[in-house]
Amino acid sequence: MNLFDKKVDRTRSHCEKWDRYKNQDVIPMWVADMDFKSPQCIIDALQARVEHGVFGYTSVDDGTNQAVVDFLARHYNWKTDSNWIVWLPGVVPGMNIACRSVTTQDVIINTPIYPHFVNAPQNAKKNIIKVPLVEKNNRWTIDFEDFESKITSTCKLFMFCNPYNPGGTVFTKDELEKIASICIKYDLTICSDEIHADLILNPKAKHIPIASLNEEIAKRSITLLAPSKTFNIAGLQSSFAVIPDVHVRKNFKRELAGLSSEINLLAITATRVAYTSCDVWLEKLRVYLANNLKVIQDFISNEPKLKLLDQDATYLAWIDVSALKLDNPYEYFLSYGVGLSEGDRFGNENFVRLNFGTTKVLLEEGLKRIKIAIDNI
Ligand SMILES: Cc1ncc(COP(=O)(O)O)c(C=O)c1O
């Protein structure tokens, strides 16, 4: 039996995803975590740490910092330095700190997008400039002319998402070079949320950290990363920013001062093991998720009123349901027992987002319900 075919009961485990529809016949396919157990070596390491029995004040050790540096070198050929790492309890706090730490009136983002790309600039009382993604060669990408034309003289920060949520685009080297050169030309800092970097499902696609392109872009970058999506440990709250430039890092740390004390001890334990001992597990996960994506693609190819562009990464499918002409797609599918993410939360009410980080069996049951829902329109 495939490791990821094993059903885990997530009820009564403080699980946001499943608790939302507690005691209802609804398959939860919304918030971005997976229904799989984390790698066994993470579980073992956590058990051993709990068994130790003393849970006092903690600091991140050199070995954990080195584990990050080595992981980024091994997977992305990105040479970093442990001094560049700023530990954070989440990528979302990192996004908020980034918006506060860069001197700017306006923040430029793409849309539709993960809601905190809108919330973070708002929380920091900045104006938002929106650049909608466009469909090109059956894939979501950036219209670079539109992007460049919208940059104002008071805009000094681009909040970038790569791989992209929702839509699963992995930006190519060519695209990243265009983005980097625009950021350099207009003196923008780039905060690059790369939380989904490890979840590349198409073997032909490759994640390139934008900061790894060249020194010019590196020194104006804040890259946000985490083992949370990759190893399904979001509840442990381990994330970090990689900030090569000493001044950008100083400003970031200044905004963070007093608000967060690195990460907690179970997060440290899990992170070190995740980044040193779980590559094989990760490879198997990617294969399983890629197969789930294929199941969805096959399903959608038989549903003329659904549309899904090609996606190279993430376990989140961004499905265009506009042809169904529903008043509220989320509510409609919910009434057939499927709890999807509401497209309007990301900025487009004609879409739903389906989380396929689950067993194939449950995914197929979800798709079966979606089919019945569509056939009943
Ligand atoms: C692009 C992106 N950034 C950040 C997050 C959340 O990060 P965290 O849980 O570390 O705050 C998510 C979760 O879905 C995400 O998709």
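By class, the shell around the ligand consists of eight nonpolar, four polar and one charged residues, where Ala, Val, Leu, Ile, Met, Phe, Trp, Tyr, Cys and Pro count as nonpolar, Asp, Glu, Lys and Arg as charged, and the others, Gly among them, as polar. This is a predicted model, in which local features need pLDDT of at least 70 and side-chain atom pairs count only at pLDDT 80 or more, while totals for chains, interfaces and linings use all residues. Residues are numbered from 1 along each chain as its sequence is written.

**Ligand**

- The ligand is surrounded by 13 residues, and the closest are Ala32, Gly90, Val91, Val92 and Asn165; a residue is near a molecule if its C-beta atom, placed from the backbone, lies within 6 Å of it.

**Whole chain**

- The chain has 13 helices and 14 strands, which are DSSP runs numbered from the N terminus (H or I and at least four residues for helices, E and at least two for strands).
- With a radius of gyration of 20 Å, close to the 21 Å that the globule rule gives for 377 residues, the chain is as compact as a globular protein of that length; the radius is taken over C-alpha atoms, and the rule is 2.2 Å times the number of residues to the power 0.38.
- Of the 377 residues of the chain, 47% count as buried, meaning that 20 or more other C-beta atoms, placed from the backbone, lie within 10 Å of the residue's own.

**Two domains**

- The domain assignment, which is automatic or taken from a database, gives domain 1 (3-40 + 279-375) and domain 2 (55-277).
- The C-alpha centres of domain 1 and domain 2 are 25 Å apart.
- In the contact between them, 25 residues come from domain 1 and 29 residues from domain 2, with two residues in contact if their C-beta atoms, placed from the backbone, lie within 7 Å.
- On the side of domain 1 that touches domain 2, helix 11 (279-301) and strand 11 (316-320) each supply at least two residues, and helix 11 gives the most, with five residues.

**Helix 10**

- Helix 10 (residues 265-277) has 13 residues and reaches 18 Å from its first C-alpha to its last, close to the 18 Å expected at 1.5 Å times one less than its number of residues.
- Ten of the 13 residues of helix 10 are buried, so this helix is largely enclosed by the rest of the structure; among the buried residues are Leu265, Ile268, Arg272 and Tyr275.
- The buried residues of helix 10 pack against helix 2 (40-52) and helix 3 (62-76).

Technical notes:
Buried ≥ 20, exposed ≤ 12 C-beta atoms within 10 Å, placed from the backbone.
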